[in-house]
Amino acid sequence: MKKLTFVAAMAIAAAMFTSCGNGTPKANLKSDVDSMSYAIGLTQTQGLKEYLVDRLQIDTAYMNDFIKGLNDGANAGDDKKKAAYYAGIQIGQQISTQMMPGINREVFGNDSTKTISLKNFMAGFVAGTTGKNQMMDMDKAQLVSESLMRKVKAETALQEFGANKEAGEKFLAENGKKEDVKTLEVEYDQLDGTKGKSFIQYKVIKEGSGAMPKDTSMVKVHYEGKTIDGKVFDSSYGKEPADMRVNQVIKGFTQALVHMPEGSIWEVYIPQELAYGERQAREIQPFSALIFKIELLKVN
């Protein structure tokens, strides 16, 4: 019972709605059918109390109110009006206790003082359920929710990790002045959906003479990644070289590879917007500029 969906939860609830009245029913086991009915009802409650407390966050001090609602639902029979109402109550409670807290954690992290708008969430939820008064179609809603969620998450993360962004910009500004450091302009998707222009910096340690990969090529590489303070967060050295598709890594890494002839070794300096941006990636904090040593061993 620990992974119930809306439909599964309602199905189980329907299976358990077998009592009568608004209080706790009195068992009267006069026949085999009576005893069988009681036994079935009892066995169907395995894990229910834990589900109510852990998943639905029901306070056990109000179990009498739960029993009243349980009996009301059971006694509704095939009354479609009441069935619809009780289904709405159940899903509404899941929105309140599960969906809203989960969305708020996703968007605002550990800042419990912030929340999405319940009023507007419900307006969209009801419009989508009834198919009436929708202000955008489902495809657009998906795009808007994803893009604006990313934007709001970035704004939230910037309040905590803005110093990383400033440090990266300062490092790259100074690094770009070095005589042996070159720059490549890179186009990327900004948070508002428009195209922006950034750059990667690189220093050639060894110039190769082999084939140059495309973004869809498979390559074999050795690499070492570190933050601008010199902390190594990942490395293939001391292990087998990594096989990867060029376009399945961060944008800055991809752009370096497509300009490297096979056999090259580069040190690449990647700004945060071409790395992980506002996202946390293991020990890499949001808005971190990164440095990679990349050794292109083979282009397949």
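## Contacts and overall form

Among the contacts in the chain between residues at least 6 apart in sequence, 66% join residues that are at least 24 apart. The model described here is a predicted one, and its chain contains eight helices and seven strands. The radius of gyration of the chain is 29 Å, well over the 19 Å that the globule rule gives for 300 residues, so the chain is more spread out than a compact globule. Along its principal axes, the C-alpha trace spans about 95 × 40 × 35 Å.

Buried residues account for 31% of the 300 residues in the chain. The accessible surface comes to about 19,100 Å², and 54% of this area belongs to carbon and sulfur atoms.

## Helix α6 and its end

Helix α6, which covers residues 118-130, has 13 residues and reaches 18 Å from its first C-alpha to its last, close to the 18 Å expected at 1.5 Å a residue. Just after α6 comes G131, a residue that takes a positive phi of about 75°.

## Aromatic pairs

A pair of aromatic rings is described by the distance of the centres and the angle of the planes. When ring centres within 6.5 Å are counted as pairs, the count comes to seven aromatic pairs. In one of these, the rings of F121 and F125 have their centres 5.9 Å apart and their planes at 25°, and because planes under 30 degrees apart count as stacked, this pair is stacked.

An α-helix has 3.6 residues a turn, so residues three or four places apart point the same way. F121 counts as buried, at 18% relative accessibility, whereas F125 is partly exposed, with a relative accessible area of 28%.

The rings of F171 and Y269 have their centres 6.3 Å apart and their planes at 50°, so this pair is tilted. F171 counts as partly exposed at 23% relative accessibility, while Y269, at 4%, counts as buried.

## A cluster of rings

Ring pairs also link Y223, F233, F253 and F292 into a cluster.

Note on methods. Residues are numbered from 1 along each chain as its sequence is written. This is a predicted model: local features need pLDDT of at least 70, side-chain atom pairs count only at pLDDT 80 or more; totals for chains, interfaces and linings use all residues. Side-chain values use heavy atoms; hydrogens and water are left out. Helices (H or I, at least four residues) and strands (E, at least two) are DSSP runs, numbered from the N terminus. The expected span of a helix is 1.5 Å times one less than its number of residues. Rings of Phe, Tyr and Trp (its six-membered ring) pair if their centres lie within 6.5 Å; planes under 30 degrees apart count as stacked, over 60 as edge-to-face and the rest as tilted. Buried means under 20% relative accessible area, exposed over 50%, partly exposed in between (1.4 Å probe, protein chains only). The radius of gyration is taken over C-alpha atoms; the globule rule is 2.2 Å times the number of residues to the power 0.38. Contact means heavy atoms within 4.5 Å. Accessible areas come from the Shrake-Rupley method with a 1.4 Å probe; for residues, only the protein chains shown count as cover.
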